[in-house]
Amino acid sequence: MKIMKRNHIIIFLLLVLTSSVLSSCDDTLKEDPVIFVNPDEFYKNESQCKAAVNYLYYPLTQFYKRELLFATDLTSDLSYFYGTNVDPVNFFGISPASPGTVAINGWTACYSGIMQANNAIKGIERSPLEDETKKELMGEAACLRGFYYYILTELFNDVPFYLDEVFTFADQDRISKLPRMSANATRDSVINDLEQYIEYLPIKLPSDASFQRASRQFAYMLIAKMAMKNYDYALAKQNLLKIRAIYGILDPNIYTIDDLWFSNKNRPESIFEVQYMYDPSGIKKASGVSYSMMPPLTTAGTDIFDGVSIPFIGKASSRSNPATPSNYFISLYDKISEELDPGLNGIDLRKKITLADGFNGVQFDRVKKGGKPYFGIKFWTPDMISTNDGNNQPVFRYADAILMLAECYNEEPNRDATQALALLQEIRERAGYVTFFIKTDKKSILKEIQEERARELFGEYQRKFDLVRWGIYYNQVKSTSGYESMTIYDNIRPYHKYLPIPDAEVIRSKGVLTNEDYQ
Amino acid sequence: MKHKSYLRVLILAISLLICNDGFYVHAQSQATILASGKITDELGEPLIGVTITIKGNQKTGTISDLKGNFSINVEPESILIFSFIGFNTKEIEAVKIKNLNVVLSQAVKEIDEVVVIGYGTAKKKDLTGSVAIVKTEDLLNIPVVRVDQMLQGRVAGVDVMSASGEPGDGTSIRIRGSRSITASNEPLYVIDGMVDAGATLNDINPNDIESMQVLKDASATAIYGSRAANGVILITTKMGKEGRPRFSFKIEGGFSQLPRSLDVMNATEYAMFYNDYKSMPNSILSGTINHPEYSTSGAPTITQEQMFYPDPLSLGKGVNWVDEVTQTAPYQNYVLTGSGGNKSTKYYFSFNFNDTRGIIRNSGMTRMQGRLNLDQVLTDKLTAGVRLNYSYTDQDKNTVEIGTITSANVNGAISLPPTMPVYNDDGSYNGWNPVYGGGGGYVNSPVALADLVDYQIFSNSLSSNFFLEYNPIKGLVIKTTFSYQDYHRNEERVLPSTLPMFTFRGTGAYASQRWVTNANILNENTINYKKKFGKHNFDLLYGFTYGKRGSKSLTLIGQGYSSDETALWSMGSIPDKNSYSVTTLINGTVLLSNLGRLNYQYDSRYYLTFTGRADGASNFAQNNKWAFFPSAAVKWNLMNERFMKNLERYISGTAFRFSYGVTGNQGIAAYASLSKLSPFNDGYIFDGNIPGAYYLSSTGSPNLTWEKTTSYNAGFDFGILNNRITFNIDAYSARTKDLLLEVQIPNQTGSGTRLQNIGVTSNLGYEFTINSVNIDNKKFKWSTALTVSHNRQIVEDAGGYDRIATYTPNSYTYEMYGYKQDFPVNSLWGMEYAGTWKSREEIEQAKITKEYVSSSVLFTDLGRSKYVDQNKDGLLDRNDIVYLGNSDPIVFGGFQNKFEVYGVSLNVYFNYSYGGKIFNPLELSMGSGDWQTNQYRYITNAWHPVRNPNSDIPRAGSKDFVVSSYQRHDASFLRLKDVSLGYTFNLAKLTHKKIDKLTLTLSGNNLYLWKYYNGFDPEVSSPNGTRRIDLGAYPSSRTIILGAQLNF
């Protein structure tokens, strides 16, 4: 009996011992994940740093597509959209409570990009890479961060601004309390940030297949855009001239008019475009733009669009309500023709690709009845499947820079009208004609530039931003598209020049963010 | 018969030994009478050795003899007490006893019923915590594959809901309400000691279950520590008994069907509706109705022939898509069990083949399962045992879109227009939905999906549990168990190129495979010591456990295969590597625990229990690796008090219980507290390829901690008339703090949410159970059981946030379900529907009074929906949202009736739920005049400028996608849940004991439902865990089964 008892004690002690060994051994409880990395253990080599930068492009595809085009071009003076409860008509009913998808997605995607970029920049800074490589990668990240701030300020005007990394809850708490900062100050800060990296960025073109990244030209263009928004024409000009030094004159043989087709990817003129691709058995990333920019499909399963066969689009597309060009926009092309040669209709090569009366010489039914043309091949997708549009979406291209430069020459204190007109002429020459300018005063040239930007850049995510920059958004839209659509006329308000910050964000910020214009 | 006599002699002998005083010899010579008679049990069998004493004079008495006879000389005024072990004591006045046949009734056995509790057992009467015992015999004939589905309404305080009607799909169980918001609220399952075995419920054969206990209060659950906050369900499987081998073989066959259809439009009605939509302008105020019969201004420009559907009447009923994809599905089940043993070895084994076909075509599940339970006495102090369960299941997953408000409404079986034909003229599957997107488009129809898509899940599951029990001295048990669970699942799915949409797009076949393996190891070691000092009883338990869980998965997905046949098994043959993806995952957690319990009991009157468990878990955050969960309980068994003796004939059991404790919820997923830089494979395109990318996917939170629930429970158990009627009442309150919430943070931080310990919820409720034997005689027995449960649950603190969405429909700005401080967790939110605009004047007036408002200017039109403008600002926005009810019921429970007449048994079981609310999200399209989907039939009464200008149902085409009281319904119901009718033939004599008996059973499940809800069933949950959301769930079926069981 005694031996037994001793055994019990031994067993008991063993149990207790094992238990305490296991319990005290906190290593047992340490997590050792292998499906992700601790940020402290990352940024150890170039490929890791590059992988972090690669991610920064991803948020672009979350908003730089159909919904943004609606907010910039399809609710502008150049075009509007008929539909029952489709976005654009509702667009003029936006409020913080229903700010529309572009406000929601744009806000979320841009800030996601900014946070990841901030982290990547700091991470790369700490990495053991060589200084040159480091700066190049940091610069690339800074370009994207800058672009996200640019879009935010264009869409919302004043927004919270920060360049800090976000790794802890405390970081998040601090950033959550940031109020709106003046858009001008944001733009200045972004320009300063970009300038410290710009020399390290490579001068490479998107047409160089291996380089579809943020280049030095991209940074110049971004600075120029923001400088112009801040009415700092000298700084804009300085950067635009650097771009001109790279691209030269707009030679129609190099920079062909077909470059304007969205379906032609990464052409010589491109400075940056958001890459999309739709392959039913491959990469599926679609912008969704085309199907609002095509004539309406007459019969599904065929390639008959409003009575006309368009083999270019093919038989697999889906039907959608088409966007409508405004009479004002159509008249802009005709105006040139009228001035130049009243008998020669539609000489502007851009008109033929931007607008479509028909296809292969056959007129659309609507046009036959005396109606408007639809939007043209510039926006169409070859062999489109359903609504999937794999075309790249343009961000910056050289013609835009030329027109901006023209504007700078015209707006500068020491104005140079000749230079401005020469640049305008360069653009028109590619479009197939030459004009002579009768009025060369500042106001007239600005008007020419405003109209030229419409003809050249319609559908390229610029129009609203331009109208707002020129301070003519409300009156211009109301007197053009608004004249044709009562919904726009009745509902457009001056404060629509910027989007409201979504209510959800206002609530999350616990009232730090406000929408004063919308109250 | 003979051995029975021996037994009686034995009892007599024991009685004689115990009664050492020899009290029966004190005969008195004064004026006495002779009381005599015979004592029998209720069946008339004589009772030997019954003690007969005189009240007030315990020293005097006698015992009955071998024939049950007795005689005693007593004073005439005395009262005799008849007492016998296992029988109820009886008192009779002596004068009445002259050759009297005294019948003693058997005491209800349940009193000493042994109940499994965490890491041990207890007598039912000694339970201090709130433990509900599920009567498994009531459940045996219910034709369901899973054990959890049997529990609906059976246990007070336990709200069981099928997540869907698909064979093999699980349930959503809430024990005493929901506590957590983002973490799981499902209970912890412990099967034969294997903790957290809930994932394997599909692998358990319900026939193998010996007992099921539901641990509800903290006193009972705290021994499971950080995983116990949602209650614990203990399942114990059967064990053999000493004796000859006994076998049973059961065959069941039957069918299930869709119990009811939805009241939606037929083709004629839909065509008329669609014509209405097409003929009405967006703005009736300013437009013209283009309809041959009606026009608001002037003559219409359209003729009947030009209408979208020129002749609606010719379309007839059209296609009923739900009918097209549903079927009457066969059910078959075979179970063979064997058990037996001797003094040293006991065994139980079973084999089961179950084939349950689903009511949606080509869905169902087949299970083959085997079990072996073995106990072996090794030495007089050492026992070993094995519990082995192996199961193989082959699940044909449903491939059909039933219909939701998201993208699936373009090809959902409920929502597809009846005007869309099933087949093309050439017999191929039609994919052209004539109203998709306004102008038609291609979809994969439900029929095509059901017939063409192959989606199978194969699972192999092995659960094993080995234990050694060492019993060195009396009262001391050292037990060590080792459990191992090995689970493999392989999901295979092929969407062939012949699907209408694939054919149309020329995309080739889609194939995916997913391989999952889980391996769980658990080692538990306990020391249990029981000791009795006089009336003091101690029961001590200490244990420590080590558990490791791991899972790995591999997923391959490819699209674009040129051959449907080889797609699945030559996944590498993909033409374009960009449309081929490989995902791998690995995940592991470790849990270390120390646990202890002290039970103290004095004289079966006063009880005291303390338990505690310390858990250390790898998934806990760095600064909070260990957690401690204590509990305490007291119980006063009033019945055993002396002063209660006089009341014994009326009251047969009374006890008060009170408990307090803290339990946890380990809602923290593995690695959730770490800062993560994750690879991203679906990023940006560079040069036609998507290179690898890394991004910060989660911010680290080293202080993350588990959720803690502090709960109190007060219970009262009461029995009358020899426990023929018993009542259990429990009241509880629980408060859960440090809720793990995906807190919404401003998106300007770059992330929309983060996991934080924020917020408090509370639950307050009562549970009430009555079991009664209403009639109990030889020919007719009737017993009932009723459970009533109420739970009130409130979010006490939402962490300073206003209202947080738990479910927001696609393309809607605001939440449909969400929580807010001072409201229940599962609250419904929406606008207050106010009918339709009827006149221009009304619209003009509303602009001034701001009483009503529409979602936008566009919708401020005749016949379109208006809502109450709560804050009178002329805008319909977040500020106009009101609370529309709680999706959890006020009262719920079940009502069981059991009859036995001449050997025929009849079980009738109802369950009910009262006071919950539910949205029918489909009405956002199917009840709003959405031209893209079929409509509920009530839309035929929708507003129309000429036909129906007074209707409050919005007109054709007025879908505004506003969640409101319009889509909200009462989720109350009464369900005739189970009925079973059985008869047993005693075949022992007929077959010379070769066969004992044959039992025939006819049973039905989900037979009838009384409800208000206009969807299929208000008992529905979404896959994402939110309760009572109807997002196109697989409808639950009605099942009828005929079964036969042979025992031999």
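Strand β21 (residues 382-396) of chain B pairs with strand β24 (residues 454-470) of chain B, running antiparallel over 15 bridges. The model you are looking at is a predicted one.

- How many residues lie between the strands in the hairpin of β24(B) and β25(B)? There are five residues between them, and B:Gly475 takes a positive phi near 90 degrees in this hairpin.

**A three-stranded sheet in chain B**

- Chain B also holds an open sheet of three strands, in the order β4-β1-β7, and its pairing is mixed.
- The edges are formed by β4 (69-74) and β7 (98-103) of chain B, each of which pairs on one side only.
- From one strand to the next, the twist averages 30 degrees.
- Strand β1 (residues 33-40) of chain B runs antiparallel to β4(B), with six bridges joining them.
- To locate this pairing, look for B:Lys38, which stands opposite B:Asn69 in β4(B).

- B:Ser130 sits in the loop between β9 (120-123) and β10 (131-134) of chain B.
- Is B:Ser130 buried or exposed? Its relative accessibility is 2%, so B:Ser130 counts as buried.
- The side chain of B:Ser130 makes a polar contact of 3.2 Å with the side chain of B:Arg176.
- Beyond its close sequence neighbours, up to four places away, B:Ser130 touches residues including B:Val214, B:Lys216, B:Asp217, B:Arg657, B:Asp730 and B:Glu767.
- B:Asp217 belongs to another loop, the one between β15 (209-215) and α3 (218-221) of chain B.
- With a relative accessible area of 2%, B:Asp217 is buried.
- Although B:Asp217 and B:Val131 are 86 residues apart along the chain, their C-alpha atoms are separated by 7.6 Å.
- Apart from neighbours within four places in sequence, B:Asp217 is in contact with B:Gly129, B:Ser130, B:Arg176, B:Ser659 and B:Asn713.
- Its contact with B:Ser659 includes a polar one, at 2.6 Å between the two side chains.

**Helix pairs in chain A**

- Helix α15 (residues 398-411) and helix α17 (residues 442-457) of chain A have axes that come within 10 Å and cross at roughly 170 degrees.
- Angles over 145 degrees count as roughly antiparallel, and α15(A) and α17(A) are therefore roughly antiparallel to each other.
- Where these helices meet, α15(A) contributes residues including A:Leu403, A:Met404 and A:Glu407, while α17(A) contributes residues including A:Ile445, A:Ile449 and A:Arg453.
- By class, this contact of α15(A) with α17(A) has eight nonpolar, one polar and seven charged residues.
- Helix α2 (residues 46-55) and helix α7 (residues 131-156) of chain A have axes that come within 10 Å and cross at roughly 10 degrees.
- α2(A) and α7(A) are therefore roughly parallel to each other.
- A:Glu46, A:Cys49, A:Lys50 and A:Val53 of α2(A) make this contact with A:Thr133, A:Leu137 and A:Glu140 of α7(A).
- The residues of the contact between α2(A) and α7(A) divide into three nonpolar, one polar and three charged.

- A:Glu451 lies in helix α17 of chain A, and at 3% relative accessibility it counts as buried.
- Leaving aside neighbours within four places in sequence, A:Glu451 is in contact with A:Tyr328, A:Leu332 and A:Lys335.
- A:Lys65 is in the loop between α3 (60-63) and α4 (66-72) of chain A.
- A:Lys65 and A:Gly288 are 223 residues apart in sequence, yet 6.6 Å apart in space from C-alpha to C-alpha.
- Not counting residues up to four places away in sequence, A:Lys65 touches A:Tyr276, A:Ala286, A:Ser287, A:Val289 and A:Tyr461.

Technical notes: Residues are numbered from 1 along each chain as its sequence is written. Chains are lettered from A and ligands numbered from 1 in the order in which they are written. This is a predicted model: local features need pLDDT of at least 70, side-chain atom pairs count only at pLDDT 80 or more; totals for chains, interfaces and linings use all residues. Side-chain values use heavy atoms; hydrogens and water are left out. Axes are lines fitted to C-alpha atoms, for helices over the stretch in contact, and angles run from 0 to 180 degrees between N-to-C directions. Helices (H or I, at least four residues) and strands (E, at least two) are DSSP runs, numbered from the N terminus. Angles under 35 degrees count as roughly parallel, over 145 as roughly antiparallel, 65 to 115 as roughly perpendicular and the rest as oblique. Contact means heavy atoms within 4.5 Å. Ala, Val, Leu, Ile, Met, Phe, Trp, Tyr, Cys and Pro count as nonpolar, Asp, Glu, Lys and Arg as charged, and the others, Gly among them, as polar. Buried means under 20% relative accessible area, exposed over 50%, partly exposed in between (1.4 Å probe, protein chains only). A polar contact is a pair of N or O atoms within 3.5 Å; within protein, one must be able to donate a hydrogen and the other to accept it, and residues adjacent in sequence count only if both atoms are side-chain atoms. Two strands pair if DSSP finds at least two bridges between them.
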